[in-house]
Number of protein chains: 4
Amino acid sequence: MKNKVKKIGVMTSGGDSPGMNAAIRAVVRACHYYNVECVGIYRGYEGLIEGDFIKLNARSVSNTINRGGTILKSARSQEFRTKEGRAKAHQNLLNEGIDAMVLIGGDGTFTGGMVFNDEYSFPCIGVPGTIDNDIYGTNFTIGYDTALNTVVDVIDKIRDTASSHNRLFFVEVMGRDAGFIALNAGVGAGAEEILVPEEDLGLDRLLESLKRSKRSGKSSSIVVVAEGDKIGKSVFELANYVEENLPEYEVRVSVLGHMQRGGAPSCFDRVLASRLGVKAVELLLDGKTNLMVGLVDGKIETTDLEKAVKGKHNINRELLRVSDIMSI
Amino acid sequence: MKNKVKKIGVMTSGGDSPGMNAAIRAVVRACHYYNVECVGIYRGYEGLIEGDFIKLNARSVSNTINRGGTILKSARSQEFRTKEGRAKAHQNLLNEGIDAMVLIGGDGTFTGGMVFNDEYSFPCIGVPGTIDNDIYGTNFTIGYDTALNTVVDVIDKIRDTASSHNRLFFVEVMGRDAGFIALNAGVGAGAEEILVPEEDLGLDRLLESLKRSKRSGKSSSIVVVAEGDKIGKSVFELANYVEENLPEYEVRVSVLGHMQRGGAPSCFDRVLASRLGVKAVELLLDGKTNLMVGLVDGKIETTDLEKAVKGKHNINRELLRVSDIMSI
Amino acid sequence: MKNKVKKIGVMTSGGDSPGMNAAIRAVVRACHYYNVECVGIYRGYEGLIEGDFIKLNARSVSNTINRGGTILKSARSQEFRTKEGRAKAHQNLLNEGIDAMVLIGGDGTFTGGMVFNDEYSFPCIGVPGTIDNDIYGTNFTIGYDTALNTVVDVIDKIRDTASSHNRLFFVEVMGRDAGFIALNAGVGAGAEEILVPEEDLGLDRLLESLKRSKRSGKSSSIVVVAEGDKIGKSVFELANYVEENLPEYEVRVSVLGHMQRGGAPSCFDRVLASRLGVKAVELLLDGKTNLMVGLVDGKIETTDLEKAVKGKHNINRELLRVSDIMSI
Amino acid sequence: MKNKVKKIGVMTSGGDSPGMNAAIRAVVRACHYYNVECVGIYRGYEGLIEGDFIKLNARSVSNTINRGGTILKSARSQEFRTKEGRAKAHQNLLNEGIDAMVLIGGDGTFTGGMVFNDEYSFPCIGVPGTIDNDIYGTNFTIGYDTALNTVVDVIDKIRDTASSHNRLFFVEVMGRDAGFIALNAGVGAGAEEILVPEEDLGLDRLLESLKRSKRSGKSSSIVVVAEGDKIGKSVFELANYVEENLPEYEVRVSVLGHMQRGGAPSCFDRVLASRLGVKAVELLLDGKTNLMVGLVDGKIETTDLEKAVKGKHNINRELLRVSDIMSI
């Protein structure tokens with residue numbers, strides 16, 4: 001039944017990502033456009049349980065499209081994993097008169113939404129916001145493109161000093177379960193080798209490749225390593241191993257860490273967030289629930305939250321091949 | 001017949017765009033990988049006619065992936081439009097032993113390639129490099145994503161001063177025939193209005209919208225205008241017209257101009273350029289010609305050069321609607 | 001007599017500049033530190049006349065140090081130039097219990113402060129915030145360093161396309177009366193010629209220099225022009241003149257405009273703003289008035305507001321010489 | 001005796017810093033201007049001993065002013081510490097006809113120059129290029145300003161995620177012996193606490209300050225730590241200690257590392273490098289030796305190399321006080 005929805009809540013949950021504010025802004029403005037009230041829920045499910053709400057109007061989100069982080073803050077909530085926690089949450093929504101929610105985040109965020117929807121038939125639409133790009137049902141998650149640019153920009157800087165000193169750098173980037181950032185930023189930064197969780201290059205092949213690189217006249221090299229790479233050694237262990245076995249290289253390590261989550265979002269992420277945020281509201285107004293909105297081959301598509309959580313978004317293996325060809 | 005190609009020439013032609021160097025690098029390294037020689041042709045068809053060539057090996061393109069502009073330089077050639085010019089060009093290719101070419105550029109570049117291929121059956125593959133994104137057969141041209149980020153970054157700066165002073169800014173961006181930059185950067189920058197060549201908003205609606213904006217409490221506004229917008233007035237005339245009719249606004253104009261063509265390419269453009277450059281070489285080695293490589297729904301696809309030139313790449317009209325919703 | 005001051009007002013006035021928020025933050029936090037109340041005055045003297053005030057505490061300025069523009073907004077006020085306007089302003093200050101003011105801005109801002117201080121013996125300390133660096137009594141104004149980086153960054157982008165196409169660019173930068181931005185950003189960007197208001201290079205010498213540049217093998221050139229350059233032609237007239245007289249050059253013009261006022265402030269501007277803001281509060285608490293704080297040879301010094309307004313801050317002529325040597 | 005110098009060598013040595021290329025460019029162009037030959041020496045003293053030289057003319061340094069790293073590469077040489085090494089180096093200079101050198105680098109670089117000058121009376125002028133700003137005789141070293149902006153830019157990004165999650169971040173920046181980067185970037189980034197080698201804040205005061213911060217309503221905090229801070233714990237030990245003692249904080253660590261050495265130099269660093277490079281050549285032409293050029297209170301001044309190496313450049317203690325006031 002359409003038009004039932006009168007007041008939409010919006011939250012960000014899990015690890016923050018650049019563009020979350022652009023998504024919030026899109027939800028708020030779409031609510032305004034369709035004449036529905038909008039309420040911000042602070043700190044994800046934690047704020048939901050505490051009833052930490054704020055009314056949002058079109059002006060509340062002025063000058064936020066360009067800001068990193070999330071104005072609604074984010075958190076991980078243990079209590080929402082309990083039935084009591086979710087009961088409190090539901091009661092707060094009833095009290096506030098919120099009758100549907102847009103959930104911006106990743107796997108954990110969507111899982112929460114699914115369970116909650118199951119138990120209380122509460123309409124929820126998910127918007128994929130995470131830098132890791134590891135969500136099934138969308139080619140791109142909000143924040144991923146910005147993170148790639150951040151990583152590439154930093155490796156450009158590291159390359160300046162690497163090539164001035166003829167050094168080999170191991171650069172660790174985010175991605176515990178997925179190599180999207182490592183693979184794409186690695187190709188973008190012109191890395192000599194890229195280690196991803198999806199493929200076990202093996203230590204021997206790494207050494208071989210670095211030796212060949214040296215022989216071919218390369219005086220400096222960058223190896224990009226995803227946090228969760230398959231070799232199963234920390235980036236520092238890797239660096240030591242290579243230094244021991246290839247004494248001709250002076251090796252350095254750089255762990256990029258949390259800076260990858262911040263910064264002004266790229267144009268791509270702002271546009272993506274705007275499109276997905278609007279669509280999420282329209283779906284709720286249309287009586288839909290339990291779906292994630294995503295960008296598939298340039299079009300906005302929906303996926304069941306369950307599929308989005310359980311499905312596997314695979315890296316582009318053609319790009320591994322391109323990387324091999326480039327790293328001569 | 002495969003494997004005929006032994007030496008590939010590569011040129012950049014027309015307006016330069018960020019990522020052209022990444023595409024050149026990909027062509028060079030793919031040639032190396034496939035054991036084919038590679039020759040750089042300076043200044044597009046002009047250099048081709050003059051025989052201004054340089055041998056390129058894998059090391060020639062070290063540390064270029066992150067650099068704007070084109071190391072092969074670019075130009076527009078009148079002489080190549082004559083039969084004599086093309087004959088000279090062909091002779092130079094024969095003399096140099098080049099038996100196939102990768103042409104990086106836009107419409108004009110591809111038209112040249114088509115004619116040349118027709119007259120001399122010389123194998124040519126096109127790679128779309130232009131910031132305007134106005135090429136049929138690819139969702140994204142090389143340089144477009146970077147230009148969007150440049151524009152959004154500049155408008156973010158302009159917004160700082162616009163909102164400090166409660167001003168209305170008209171910002172002109174590139175796009176004589178296509179509104180891709182205006183539309184996407186406009187949405188990304190949170191513009192209140194976006195004027196594109198594809199749609200005639202009309203002066204009245206612009207005034208109406210700005211009045212409504214003012215009433216709704218907005219104290220500053222940004223209007224993004226494509227060079228070739230439909231209203232048919234220069235951005236300065238537009239600004240004057242609005243200032244006369246809406247004296248409550250203090251109006252300023254900013255024409256972004258050529259800075260949009262420069263700068264370090266974004267990760268997206270570097271990856272795109274790498275993929276397309278490799279594919280272009282592989283197609284030539286595979287005996288193909290007269291095609292453009294492009295990115296269609298995430299996959300590398302080919303299009304006849306003629307179609308690429310004559311086809312129309314349309315802006316996303318859904319995004320015009322999103323823009324309307326956002327600009328409340 | 002010390003300790004009289006119990007409540008300090010702070011405003012930004014005139015053209016905004018990056019780092020104004022860092023200065024406001026420093027004033028607010030210094031007030032907190034010294035246990036004095038702090039009130040923000042919106043839109044400079046205009047807000048002062050209208051009584052548009054806001055209480056500011058230490059938290060009000062969280063996460064503002066990195067933001068361009070001014071959270072207190074800025075304006076130019078005609079009414080404050082009248083005795084009646086100033087009487088209203090004074091009455092508002094009395095009503096609010098504000099007994100001293102920090103004025104962040106440039107010449108016009110300080111002139112207002114001086115007159116007001118004369119008529120009402122109202123304690124005022126000026127903080128130099130303008131991108132033009134044209135204030136006597138400080139080596140650097142807040143925002144100047146950021147503007148230099150913005151200009152240099154844009155010219156780097158323009159150079160990419162200039163050198164890809166062998167073009168000559170005229171780039172107009174801000175500076176109606178002073179060539180600080182043109183001279184320093186010109187040297188920083190490696191400009192071939194720099195035209196400043198302080199020196200009449202003359203059209204002939206410009207042509208001569210560009211010819212020599214061409215002969216020496218330079219294929220592209222950048223000429224940086226201050227808005228108020230001495231030759232007395234607009235940058236477009238200059239470009240036309242050169243194109244007519246040096247047909248070997250393809251000439252383009254870029255007017256950078258208001259983007260120069262925006263953006264996240266550089267570290268230098270943030271530190272400068274923090275130091276000057278603290279000092280301004282300490283001076284007021286110390287019973288001082290009618291002074292501007294500035295950075296002179298690395299130390300915070302004070303200058304009479306009158307001197308600051310009437311004195312002339314001269315560009316570094318040694319740097320003109322360095323520019324000549326560099327532009328071979 | 002003037003005018004003896006006919007051919008000047010230039011090298012970069014030690015840790016690289018942004019702006020070194022701008023300094024090389026200035027030396028090369030000043031040589032051209034004064035009609036003296038210029039030779040680049042690769043990889044500092046190592047290349048000097050190996051005779052790894054390259055002729056540089058005005059065009060050799062085109063489009064380098066904006067590039068990080070050093071086109072002459074850098075290295076640390078053990079062999080130059082031996083008398084034999086220096087004898088080889090001297091012989092290479094004689095063979096090449098180089099009769100004076102400009103040495104761009106830090107303490108180690110200048111020490112080498114001093115010894116060499118002593119033993120062979122070979123004219124050497126030092127130019128301070130290091131991001132650490134720890135050289136006596138100049139207010140600013142080349143690269144320091146850029147490093148500050150890099151650090152502040154990264155901490156801005158980290159703050160996005162810190163404040164979205166109410167976290168406490170320990171950010172380690174470069175500076176083994178000097179707290180310049182930590183102190184200035186810390187103030188610029190709005191850090192709550194700054195730990196520098198020059199002052200032992202003590203663990204208790206750190207805890208106390210963080211507790212107070214929390215009580216005052218701060219939900220996130222950044223502590224900037226110089227590599228060589230006085231507390232004598234690694235940044236990870238510090239973080240653990242705080243997490244154990246202040247369980248209300250969720251603590252994260254980020255070690256910025258080598259990215260601080262790279263990147264396009266800021267305008268300030270480019271201008272500084274241009275001025276110092278020109279002056280270094282002029283001093284050599286003027287028969288001077290064993291001096292370092294520096295910027296002191298806005299003017300180019302010289303200091304004996306020995307003093308530059310042995311003297312202590314102190315951080316600005318007023319700024320520690322400003323930091324205290326700001327971090328409420």
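Predicted model: local features only at pLDDT ≥ 70, side-chain atom pairs only at ≥ 80, totals over all residues.
Residues are numbered from 1 along each chain as its sequence is written, chains are lettered from A and ligands numbered from 1 in the order in which they are written, and side-chain values use heavy atoms, with hydrogens and water left out.

**Chain B with chain A**

- Between chain B and chain A about 4000 Å² is buried, and carbon and sulfur atoms give 57% of it; buried area is the accessible area (1.4 Å probe) that two parts lose on being put together, summed over both.
- On the chain B side, the residues that lose the most area to chain A are B:Cys267, B:Met326 and B:Ile328, which together make up 16% of what that side buries.
- Six salt bridges are counted between chain B and chain A, a salt bridge being a side-chain nitrogen of Lys or Arg within 4 Å of a carboxyl oxygen of Asp or Glu.
- B:Arg321 forms a salt bridge with A:Glu282, and their closest N and O atoms are 3.0 Å apart.
- Between chain B and chain A there are also 14 residue pairs in polar contact, both residues being at pLDDT 80 or more; a polar contact is a pair of N or O atoms within 3.5 Å, and within protein one must be able to donate a hydrogen and the other to accept it, while residues adjacent in sequence count only if both atoms are side-chain atoms.

**Chain B with chain C**

- The contact between chain B and chain C takes 33 residues from chain B and 33 residues from chain C, and the two chains bury about 2400 Å² between them, 51% of it on carbon and sulfur atoms.
- Across the interface of chain B and chain C the rule finds zero salt bridges, but it does find 16 residue pairs in polar contact, both at pLDDT 80 or more.
- In chain B, α5 (144–165), β6 (167–173) and β9 (250–255) each supply at least two residues of the side that touches chain C, and the largest share, nine residues, comes from α5(B).
- By class, the side of chain B that touches chain C has seven nonpolar, 17 polar and nine charged residues.

**Enclosed elements of chain B**

- Nine of the nine residues of α6(B) are buried, so this helix is largely enclosed by the rest of the structure; buried means under 20% relative accessible area, exposed over 50%, and partly exposed in between (1.4 Å probe, protein chains only).
- The cover over the buried residues of α6(B) includes α9 (267–285) of chain A, together with α5, β6, β7 (193–195), β8 (221–226) and α11 of chain B.
- After α6(B) comes B:Gly190, whose phi is positive, near 70°.
- Strand β1 (residues 7–12) of chain B is also largely enclosed by the rest of the structure, because six of its six residues are buried.
- In a regular strand the side chains alternate between the two faces of the sheet.
- β1(B) pairs with strand β2 (residues 37–41) of chain B in the parallel sense over five bridges, where two strands pair if DSSP finds at least two bridges between them.
- B:Val10 has B:Gly40 as its bridge partner in β2(B).

- A:Ser213 is placed in helix α7 (residues 203–215) of chain A, and at 3% relative accessibility A:Ser213 counts as buried.
- D:Ser327, in the segment after α11 (317–326) of chain D, counts as buried at 5% relative accessibility.
- A polar atom of the side chain of D:Ser327 lies 3.3 Å from the backbone oxygen of D:Glu192.

How values were computed. Contact = heavy atoms within 4.5 Å. Helix = DSSP H or I, 4+ residues; strand = E, 2+ residues; numbered from the N terminus. Nonpolar A, V, L, I, M, F, W, Y, C, P; charged D, E, K, R; others polar.
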